[in-house]
Each structure stands twice: as structure tokens, then as C-alpha cells.
Amino acid sequence: MKEKHINIDEFLKLTDKSHSLSSGTESLIYKSDDNLDVFKFFLIGMNDCVHNKCYILNSVSDITKEYPMPFLMTPKDLVIIDEEGIEPRPVGYTMPFIKGENLETYLLDDNISFDKKKELLTKTGKLLEKMKTMRQETGESFFLNDLHEDNIIVENNTEDLKILDIDSAYVRDSYVAPSKYLLKREFLKNKDKYPKEKENPIYGKQVLPNQNTEYYCYLVMILNTLLQEKLIQERSTLLSYHQLKSYIDYLEKLGLNKEIVTAFKRITENEDNINPYEYIEDIKEMPEASYTRYREYKNF
Ligand SMILES: Nc1ncnc2c1ncn2[C@@H]1O[C@H](COP(=O)(O)OP(=O)(O)O)[C@@H](O)[C@H]1O
Ligand SMILES: [Mg+2]
């Protein structure tokens, strides 16, 4: 990965509030002056953590150089601050700025047609098949860890999808960072399918990303779209383990196609999860599937 060295004045100029795109608990994101790039700065100061992020970014850069995956927002440059008297230190990375909206704005918006939502969900599922093919063809262990709607941008005009937060991927035995849908283990009780990682010195024990967790995050996105609510919140879930099972039975009764029902049921069964992207377009619009309507039906 290329390096971009900046001094502290340039850093301060870049982090001027007027360029701010987003600020989370772990990162700050700014647009470059020419609006072409985005700077993502790590907020965490811990050396181990920055080291792990650099390892992930370098590994992903290596892999995508040999095996291009344009749908991943891979890093362009690693940003290093040069300050007199202090060891140069990595503080973040750059990537192209994508003009678009996060997938969440599409999937959870009443004004977007159900057909459009299905089209975008199908595209997302196809990208996961590309990830799978990449693993088969390269032998690399590289999994998306923090896969959720807010980490996918729908590019304006083309409606191509771009996956963000590649710095929290799991690649080549990197440490596993906490991720939105894998943090809460309500539906991940099956330890064979969703193994807990060995203690990691930075983040503690996290679920080890694998093919099953990638599909799981995607299945959660499909469920969110049907529920028109987020199934998994920061520290809680909208439905308990048993409620989810009964919600899936309810969807089956409503007439949800059997391929999707099977994929949902698999989440809590022993067999591997499946990617039902080919059957998304067959889902009929079911307003009764929404969380509000389901609650009315169940009286809770
Ligand atoms: N390359 C980019 N182009 C356009 N918007 C971006 C880009 N990178 C990040 N963003 C915006 O910033 C938000 C947070 O970025 P992300 O990389 O997911 O950081 P975090 O680690 O804080 O979740 C995204 O949801 C998106 O809206
Ligand atoms: Mg994110």
C-alpha cells in the first residue's frame, strides 16, 4: 500500500469541520479538498489496534492487487503523520469518495419501492458470492466482518454497491474487531457454526467471521427489510431467539417463498447458512411482515 505523509498542519487543515462526512466512536471521516477522496482517521490511539488495522489494510491491498474486487472500498494510501521529534505514525487511510447513499436509507425507507429494495438486496447477495469465489480461487482467508446496511454505499447513477469499513475485515488471522451484527449473540448460539475466537488482546473475545457469519449478516439485512426495523440494535435485539423462530413461521404462513424461509430457518440450525440471493426477486410484498403488524398480530 502506498503511503501519504502529511505534517501536523496539513492534518489540522484536513480535519476542519467543514470537510467532515461522518464521526463515529472509532473513526473520523473527511473529504479531501478536491472532493475526490475521503480520509478515514482512526480515533483509537492504542498501538496494537493501529498496528492491527495497518495489517488488515496491507493484507487487503495485497489480495486485491492480485484479485481486483472493485466493490470493496479498499485503501488507496496509508496516511502517516510526520512530526518533528516524533516517530512517524499511521493515523488512517484514504479511499475514493463515492457519491451516493447508504443502503440503510434505501432499505428502511417507506418511499422506496419494494422492487428497488429487492434489487439492492439481490446485488448485495451477489457480492457475497464474489467474496466466496475469491476465497476459493486465492485460498485467502478474508471475510467481511462488519457487514450491515450502513457499511454499503449505493452509488448515484450506476446504483453499484460499495462495501465500506474494510479496516474492520477479518483477514489472514488478524484480530477480530467488534461488529454490529456479530456482537450481540442472541441468534449465534450455535458454537460449531459461529465459533468464538480465542481471546484477543485488543478487543476481547469476538465471533470469528466465516462464510456463515457473512451470510448471517446478509440474512439479517433481508429480515430488517421485511420487518422495516433493525432486528439487531446496539445492545439488544428486536426479537428474542424464540420470537425470531416464530416470526419465521409467521412469514411462512404469510406465503414467503420456501427458499427464503429455509435460509432464515438455517440461521439457528446446524447446517451451514445459505445465500438466497437468487430468490429475493420472488419475495412478494407483505406489509403484514412489518414489526408493527407482527406485534399487533401477536399482541405484544
Ligand atoms: N469512501 C467514501 N465515500 C463516501 N462516503 C463515505 C466513504 N467512506 C465513508 N463514508 C461515509 O462515512 C460513514 C462512516 O464510514 P465507515 O468507513 O463505515 O466508518 P465507521 O468505522 O465509523 O463505521 C459511512 O456510512 C458513509 O456514509
Ligand atoms: Mg461503518
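**Stop 1: a sheet**

Select E7, E9 and E10: they form an open sheet of 3 strands, in the order E7-E9-E10, with antiparallel pairing. Strand E7 (100-102) and strand E10 (161-163) stand at the edges with a single partner strand each, so one side of each has no neighbour in the sheet. From one strand to the next, the twist averages 30 degrees.

Some ground rules. This is a predicted model: local features need pLDDT of at least 70, side-chain atom pairs count only at pLDDT 80 or more, and totals for chains, interfaces and linings use all residues. Residues are numbered from 1 along each chain as its sequence is written, while chains are lettered from A and ligands numbered from 1 in the order in which they are written. Helices (H or I, at least four residues) and strands (E, at least two) are DSSP runs, numbered from the N terminus. Two strands pair if DSSP finds at least two bridges between them.

Now zoom in on strand E9 (residues 152-155). E9 pairs with E10 in the antiparallel sense over 3 bridges. Pick Ile153: its bridge partner in E10 is Lys162.

**Stop 2: two helices**

H4 lies across E9 and E10, at about 50 degrees to E10. Axes are lines fitted to C-alpha atoms, for helices over the stretch in contact, and angles run from 0 to 180 degrees between N-to-C directions.

Next, select helix H6 (residues 211-227). H4 and H6 pack at about 180 degrees, with axes 11 Å apart. That makes H4 roughly antiparallel to H6 (angles over 145 degrees count as such). Show side chains: in H4, the residues that meet H6 include Leu121, Leu128 and Met131. On the H6 side, look for Tyr215, Tyr218 and Ile222, among others. Contact here means C-beta atoms, placed from the backbone, within 7 Å.

**Stop 3: two domains**

Colour domain 1 (2-96) and domain 2 (100-298) separately. The bounds come from an automatic or database domain assignment. Their centres, taken over C-alpha atoms, are 27 Å apart. At the contact, 17 residues of domain 1 meet 19 residues of domain 2.

**Stop 4: the ligand**

Which residues are closest to ligand 1? Select Ser22, Gly24, Ser27, Val38 and Ile98. In total, 18 residues surround ligand 1, each with its C-beta atom, placed from the backbone, within 6 Å. Strands E2 (20-23), E3 (27-31) and E4 (37-42) each give two or more residues to this shell. Both domains contribute to the shell, so ligand 1 lies between them.

Terms used:
Angles under 35 degrees count as roughly parallel, over 145 as roughly antiparallel, 65 to 115 as roughly perpendicular and the rest as oblique.
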